Amino acid sequence: MFGLTTLAAEKIPIGNSVFIIISFLALMYILKKVAYGPVTKTLDDRAAKISNDIDGAEVARQEAENLAVQRQSELADTRQKATQVVADAKASAQKQSDTLISTASDRATLISQRAQTDAEKLKEDAILNAKNDVAALSVAIASKLMQKELSLNDQQALIDAYISDLETK
């Protein structure tokens, strides 16, 4: 009915079957060249892009971890340097304070020594002046006594006169 020969079991014509098979193979070849190739290429490109994105994300994550470690290290170094600067400033301030205290103490000692030396000199001068005044007074009294013999009243008057002379000086 359909063709010259048919398959015995199925009763499908062989000519049509060969045509269908050849048409199917030609359609597959055309689809492979026209549709399957570009679709496969697009899918491969997409897979490569995803793979590159994953690799890039991994590299970026690794770089971020490295930067975080570096940042932590730099932060620790900065803290250590800041602590060292504070310690150095404290040591410098203490040294300056000790120097100022030492200088002030030395000056106070020097002033005290000068004051003591001046006081001793003034005392010696006062004693020397007193000795000189006493010696002069003794000589003056002795010379007056030698010039005249004094009575008790005269002696008292002479002593009062010398005392008043000393008070005016």
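## Words to start with

A residue is called buried when its relative accessible area is under 20%, exposed when that area is over 50%, and partly exposed in between, using a 1.4 Å probe and the protein chains only. Glu-58, for instance, has 40% relative accessibility and so counts as partly exposed.

The model here is predicted, and local features need pLDDT of at least 70, side-chain atom pairs count only at pLDDT 80 or more, while totals for chains, interfaces and linings use all residues. Residues are numbered from 1 along each chain as its sequence is written, and side-chain values use heavy atoms, with hydrogens and water left out.

## The chain as a whole

Let's look at the overall picture. The protein chain has 2 helices and 0 strands; here helices (H or I, at least four residues) and strands (E, at least two) are DSSP runs, numbered from the N terminus. Of the 169 residues in the protein chain, 3% are buried.

Accessible areas come from the Shrake-Rupley method with a 1.4 Å probe, and for residues only the protein chains shown count as cover.

## How confident is the model?

The predictor's confidence in each residue is called pLDDT, and it runs from 0 to 100. For the protein chain the mean pLDDT is 82, and 83% of the residues reach 70 or more.

Over residues 1-9, pLDDT stays under 50, and the model has 12 contacts for them beyond four places in sequence. A contact means heavy atoms within 4.5 Å.

## A nonpolar patch

Ile-21, Phe-24, Leu-25, Leu-27, Met-28 and Leu-31 make a nonpolar surface patch of about 590 Å². Patches are made of residues with over 30% relative accessible area and no salt bridge; like charges are joined within 9 Å, and nonpolar side chains (Val, Leu, Ile, Met, Phe, Trp, Tyr) within 5 Å.

Take Leu-27 as one member of the patch. Leu-27 lies in helix α1, which covers residues 14-147, and is partly exposed, with a relative accessible area of 45%.

Side chains of opposite charge can pair when their charged atoms come close. A salt bridge is a side-chain nitrogen of Lys or Arg within 4 Å of a carboxyl oxygen of Asp or Glu, and by this rule the count comes to 4 salt bridges. One of them joins the side chains of Asp-45 and Lys-41 (3.3 Å, N to O). Asp-45 and Lys-41 are about one helical turn apart, because 4 residues separate their positions in helix α1. Asp-45 is partly exposed at 43% relative accessibility, whereas Lys-41 is exposed, at 53%.

Asp-53 and Lys-49 also meet in a salt bridge, at 3.1 Å from N to O. They too are 4 residues apart in helix α1, so about one helical turn lies between them. Asp-53 is partly exposed at 42%, and Lys-49 is partly exposed at 43%.

Further along, Glu-58 pairs with Arg-61 in a salt bridge of 2.3 Å, N to O. Arg-61 is partly exposed, with 37% relative accessibility. Glu-58 and Arg-61 are 3 residues apart in helix α1, which means about one helical turn. Through salt bridges that share partners, Glu-58, Arg-61 and Glu-65 join into one network.
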